[in-house]
Amino acid sequence: MSSAPRQWSKKSLAAQALGHVDPVTKAVVPPIHVATTYLRDPDNQYSSGYVYGRPDNATVREAEGVIAMLEEAEAGALLFSSGMAAATAVFGALDPGDHIVAPTVMYWALRRWLSEEATRWGLKVDFVATDDLDALKGAVRPGETKLVWLETPSNPLWTVTDIAGAAEIAHAAGARLAVDSTASSPVVTRPLSLGADVVMHAATKVLNGHSDVIAGALAGAKADDFWARIQRIRSGNGAILGPFEAYLLMRGMRTLHVRIAAQMANAADLARRLTAHPAVAQVLYPGLPKHPGHAVAARQMTGGFGTMLSIRVAAGEAAAIRAAARVGLWKRATSLGGVESLIEHRASIEGPSTPCPPDLLRLSVGIEDADDLYADLDQALRQG
Ligand SMILES: *Cc1c(COP(=O)(O)O)cnc(C)c1O
């Protein structure tokens, strides 16, 4: 596909989506391949490598190439119709009876799926505070635990787990390590280089960055049997990303590095200013030296500490909900990672068994003017 010279940086390669030029027209933006079926050769072969649209698609492959490059994934990357489809394909590649260890604080819909659906298929799941490596070590069962799932920083407390430390523990027990790296992005953290076997992204979020595509990605360290099984699951379950979405995602990823740098600078600025705000009891952001995960984050995140932070409103839950109701520039909505800043009262969406404190507001920081973002929050919080 691409003959991009290896010496160019990831930022350069991403900006040009690996520099692929259409061989027929010389277009610098490749066409979107929409065909569901492909011509068989007279000798009954498929020399192009494409047979049918459910297992594979050329536009999807191009976007996968960008993600594999960013994650330095030897096995390559696979795109799915959503982040949940990508994550559940990893669990689907396990066998009934296999034991999974996952974080107590993690993306809520996946936590619920693990406890309510995965268990119906014979998977055993334990949730543990993975940021405490001793607790993780105590939770893995050598020979029985087949997968340790991490999310770092994790929703919505931005808890940080030591990926290299967790990889050692997982591998010593004979388990694989998978990392939901959505909140970090491949620009900031590369879990495969820290020992993870699989990295997952809700590409819906910062990878696409424009809140207009639902997509999920996996990148694999090794093209082993487990990876091949995940590939078969995507095809068998019909979970591949559509070509139009793959195109939009690739367009989004061309600006990933500049977007995330701007978003992280805004997030760091807001975290610092909100720490001093009289209506804010606590700011949860791995970039703050007081955050319990700061030291690990400083080691395994480069260039910044992500685009997400949460605040705990001093006057409690009702005041938090009122503050979210009063913003103008910030948009009151779920999701994260886009160029527009979003605010959300998480406990309302996660329900009664959430580990999320009721006074917490989650902030997904976009690329707007930092002074505007702060002024809008300030007036919303000051009214009490
Ligand atoms: C959004 C999200 C998911 C799920 O992704 P979808 O594309 O919505 O299915 C998984 N993990 C994290 C951390 C997320 O933010």
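In which sense do strand β9 and strand β12 pair, and over how many bridges? In this predicted model, β9 (residues 308–313) runs antiparallel to β12 (residues 360–364), and the pairing spans 5 bridges. One of the positions involved is Arg312, whose bridge partner in β12 is Leu360. The two strands belong to an open sheet of 5 strands, laid out as β8-β9-β12-β11-β10. Taken as a whole, the pairing in this sheet is mixed. At the edges sit β8 (280–284) and β10 (331–332), each of which pairs on one side only.

Turning to the helices, α9 (residues 256–275) packs against α13 (residues 370–382) at about 35°, and their axes lie 10 Å apart. The crossing of this pair is right-handed. On the α9 side, the contact comes from Asn266, Asp269, Leu270, Arg273 and Leu274. Helix α13 answers with Ala370, Asp371, Leu373, Tyr374, Leu377 and Leu381. Sorted by class, that makes 7 nonpolar residues, 1 polar and 3 charged.

The volume of the largest cavity comes to about 60 Å³. Its lining is made up of Arg176, Asp197, Val198, Ala221, Lys222, Asp224, Phe226 and Trp227. By class, this lining splits into 4 nonpolar and 4 charged residues, with no polar ones.

How values were computed
Residues numbered from 1 in each chain as written. Predicted model: local features only at pLDDT ≥ 70, side-chain atom pairs only at ≥ 80, totals over all residues. Heavy atoms only, no water. 1 Å grid on protein atoms, 1.4 Å probe; cavity = no way out; pocket = protein on both sides within 12 Å on 5 of 7 lines; lining within 4 Å. Points joined across faces, edges and corners; volume = space filled by probe spheres on them. Nonpolar A, V, L, I, M, F, W, Y, C, P; charged D, E, K, R; others polar. Pairing = 2+ DSSP bridges. Helix = DSSP H or I, 4+ residues; strand = E, 2+ residues; numbered from the N terminus. Axes fitted to C-alpha atoms, helices over the stretch in contact; angles between N-to-C directions. Left-handed = near helix turned anticlockwise from the far one by under 90°. Contact = heavy atoms within 4.5 Å.
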